[in-house]
Amino acid sequence: MLLSGKGKHRRPSKAVRVATLAGVTGAAVAAPLMAAGSASAASVSTWDAVAQCESGGNWSINTGNGYYGGLQFSQSSWAAAGGTQYASRADLATKGQQIATAEKLLAMQGPGAWSCAGAGNLTAGGSSPDVDTSGSSAAPKKAAPKAAPAPKRESAPASRGESRPAPVKTGDGEYKVVSGDTLGSIAAAHGVKGGWQKLFELNKDVVKDANLIYVGQQLHLR
């Protein structure tokens, strides 16, 4: 996390996470960080594209997974890039305020701070976007209720860019894992009786660790 100036926008690799399925081998590649202070900026349309990949374009999203807003800021990155001058969390800030803060994070860490940088063709060195940072912040979103307590580490969202074991089984269930999912959130959203434990039991042939699922996996709900 970005507290000392050496961390990333994303969680440390030691945290349990849900990774993106990438190609046949399932390898995920993290882009290198850029030196702090380099000239970095991107257009509003570029940030819109990154947000579409990160959060489905929902600038007020808060699913309770530790990442907030359209560009999925961790709390430490939001604070380190000066976002708290606008709101306590990114999902409580306006789109313009989130983009302005993202510009600062881009200058500090480079495009590698976002696993979806490639989806928006996010690069450093462009012209600063003309965004309005005034106005009231967005209303907070309530996190989806959980049917049963999930493992404490089961909060990392999908598509975080760290390396993971391969190969990964995709399965043939009726639900397809997307970015931000955990077994607990899936079980709650689809009313799986027995919660994440039951969902894990139903998919043991695909999910080897209840704390580690991958985007694109097809899970059975019953």
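**Helix α1**

I began with the buried positions of α1, and I found T46, W47, V50, A51, E54 and S55 there. Looking down the axis of α1, I saw that its buried residues stay within an arc of 135°, so they line one face of the helix. I then asked what the buried residues of α1 pack against. The partner is α3, residues 95-109. A reminder to myself: this is a predicted model.

Next I checked the length of α1, which runs over residues 44-55. Its twelve residues, at 1.5 Å a residue, should span 16 Å, and the end C-alpha atoms are 16 Å apart, so expectation and model agree. After α1 comes G56, and I noted its positive phi, near 75°.

**The disulfide**

How many disulfides does the count come to? I got one. The disulfide joins C53 to C116, with 2.1 Å from S to S. I read -60° about the S-S bond, which makes the link of C53 and C116 left-handed. The pair ties together distant parts of the chain: C53 sits in helix α1, while C116 is in the loop between α3 and β4 (175-176), 63 residues apart.

Are the two cysteines buried or exposed? C53 has a relative accessible area of 34%, so I put it down as partly exposed. C116 has 4% relative accessibility and counts as buried, because the cut-off for buried is under 20%.

**A stop at S134**

I moved on to S134, which is also placed in the loop between α3 and β4. S134 is partly exposed, at 45% relative accessibility. Which residues does S134 contact, leaving aside neighbours within four places in sequence? I found T94 and Q97.

**The whole chain**

To finish, I zoomed out. The secondary structure comes to five helices and six strands. From the N terminus on, I read the order of elements as β-α-β-β-α-α-β-α-α-β-β. Of the 222 residues in the protein, 47% are buried.

For contacts between residues at least 6 apart in sequence, I noted that 72% join residues at least 24 apart. My last entry is the surface: the protein exposes about 10500 Å², and carbon and sulfur atoms supply 55% of that area.

Methods. Residues are numbered from 1 along each chain as its sequence is written. This is a predicted model: local features need pLDDT of at least 70, side-chain atom pairs count only at pLDDT 80 or more; totals for chains, interfaces and linings use all residues. Side-chain values use heavy atoms; hydrogens and water are left out. Helices (H or I, at least four residues) and strands (E, at least two) are DSSP runs, numbered from the N terminus. The expected span of a helix is 1.5 Å times one less than its number of residues. Buried means under 20% relative accessible area, exposed over 50%, partly exposed in between (1.4 Å probe, protein chains only). The arc is that of the directions from the helix axis to the C-beta atoms. Contact means heavy atoms within 4.5 Å. A disulfide is a pair of cysteine sulfur atoms within 2.5 Å. Accessible areas come from the Shrake-Rupley method with a 1.4 Å probe; for residues, only the protein chains shown count as cover.
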